[in-house]
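Come and look along with me.

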Amino acid sequence: PPLSLYVHVPWCVQKCPYCDFNSHQVRDALPEKPYIAALIADLEAALPQVWGRKIVSVFFGGGTPSLLSGEGLDMLLTALRTRLPILPEAEITLEANPGTAESGKFAAFRAAGVSRLSLGIQSFDDAFLARIGRIHGGSEARRAAELAAKHFDTFNLDLMHALPGQTLAQALADVDTALGFGPPHLSCYHLTMEPNTTFGASPPAGLPDDDSAADIQEAIEARLARAGFEHVVD
């Protein structure tokens with residue numbers, strides 16, 4: 001059977017207080033070259049387990065994979081292609097954050113072979129972004145979405161709702177702003193207090209109650225349905 005390949009890049013500029021992924025704040029310089037070498041060594045060790053199986057998609061997740069340089073990502077993708085039968089039409093996705101977005105880097109990712117960008121917007125509102133510990137502001141979020149639409153044939157915007165102090169109208173305003181960029185896909189998900197996170201230990205004040213959060217979720221689903229989006233639940 002065919003395979004999908006996931007490649008993890010575990011570093012971020014700053015660890016978000018709600019994040020329970022395997023991600024770590026960069027303390028000094030990103031150890032890009034030794035990490036890429038380690039990934040390639042891991043892949044080579046695993047090759048006997050996947051001989052003859054086609055790769056139908058590749059996903060670079062994190063962490064913040066867009067912290068990699070264009071050259072580093074190109075080196076890694078070249079190594080993957082020379083060792084694995086990646087189909088020519090395989091979708092190659094890279095996660096990025098607005099705080100690490102720049103036109104030259106996005107162009108380099110596209111030139112390296114990334115065909116889809118998944119952009120962690122979360123909100124376009126400065127106040128809410130600050131309350132959930134994001135390093136970017138609303139203007140950076142808008143600029144990153146513009147760059148994603150410019151450099152990639154397909155892209156995804158991640159939005160978060162039920163934020164501290166957020167009303168239904170404010171949540172829908174984020175959705176409407178996102179729709180203005182014409183994304184083929186939107187991920188809209190509820191802020192949750194995960195164990196072993198900063199918010200899990202000390203939840204922020206002003207979180208919507210369960211009924212209010214459910215109202216926000218239902219309103220977002222209705223707004224996206226009217227915009228022609230199909231709701232897919234993982």
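My entries on the helix pair and the pockets follow.

I am working on a predicted model, where local features need pLDDT of at least 70, side-chain atom pairs count only at pLDDT 80 or more, and totals for chains, interfaces and linings use all residues. Residues are numbered from 1 along each chain as its sequence is written, and side-chain values use heavy atoms, without hydrogens and water.

**Helix pair.** I looked up helix α6 (residues 168-179) and helix α8 (residues 210-226), whose axes come within 10 Å and cross at roughly 30 degrees. Helices here are DSSP runs of H or I with at least four residues, and strands are runs of E with at least two. Axes are lines fitted to C-alpha atoms over the stretch in contact, with angles from 0 to 180 degrees between N-to-C directions. I therefore noted α6 and α8 as roughly parallel to each other, a label for angles under 35 degrees. On the α6 side, the contact (heavy atoms within 4.5 Å) includes L168, A171 and L172; on the α8 side, I216, A219 and R223 are among the residues.

**Largest pocket.** I found a volume of about 1300 Å³ for the largest pocket. A pocket is an open set of points on a 1 Å grid where a 1.4 Å probe fits, with protein on both sides within 12 Å along at least five of seven lines; lining residues have an atom within 4 Å of a point. Its 48 lining residues include Q122, D158, S187, C188 and Y189, which lie nearest the centre of the largest pocket. β8 gives the largest share of this lining, 6 residues.

**Second largest pocket.** I noted about 290 Å³ of space in the second largest pocket. Here β1 supplies the largest share of the lining, again 6 residues.

Terms used. Angles under 35 degrees count as roughly parallel, over 145 as roughly antiparallel, 65 to 115 as roughly perpendicular and the rest as oblique. Grid points are joined across faces, edges and corners, and a volume is the space filled by probe spheres set on the points.
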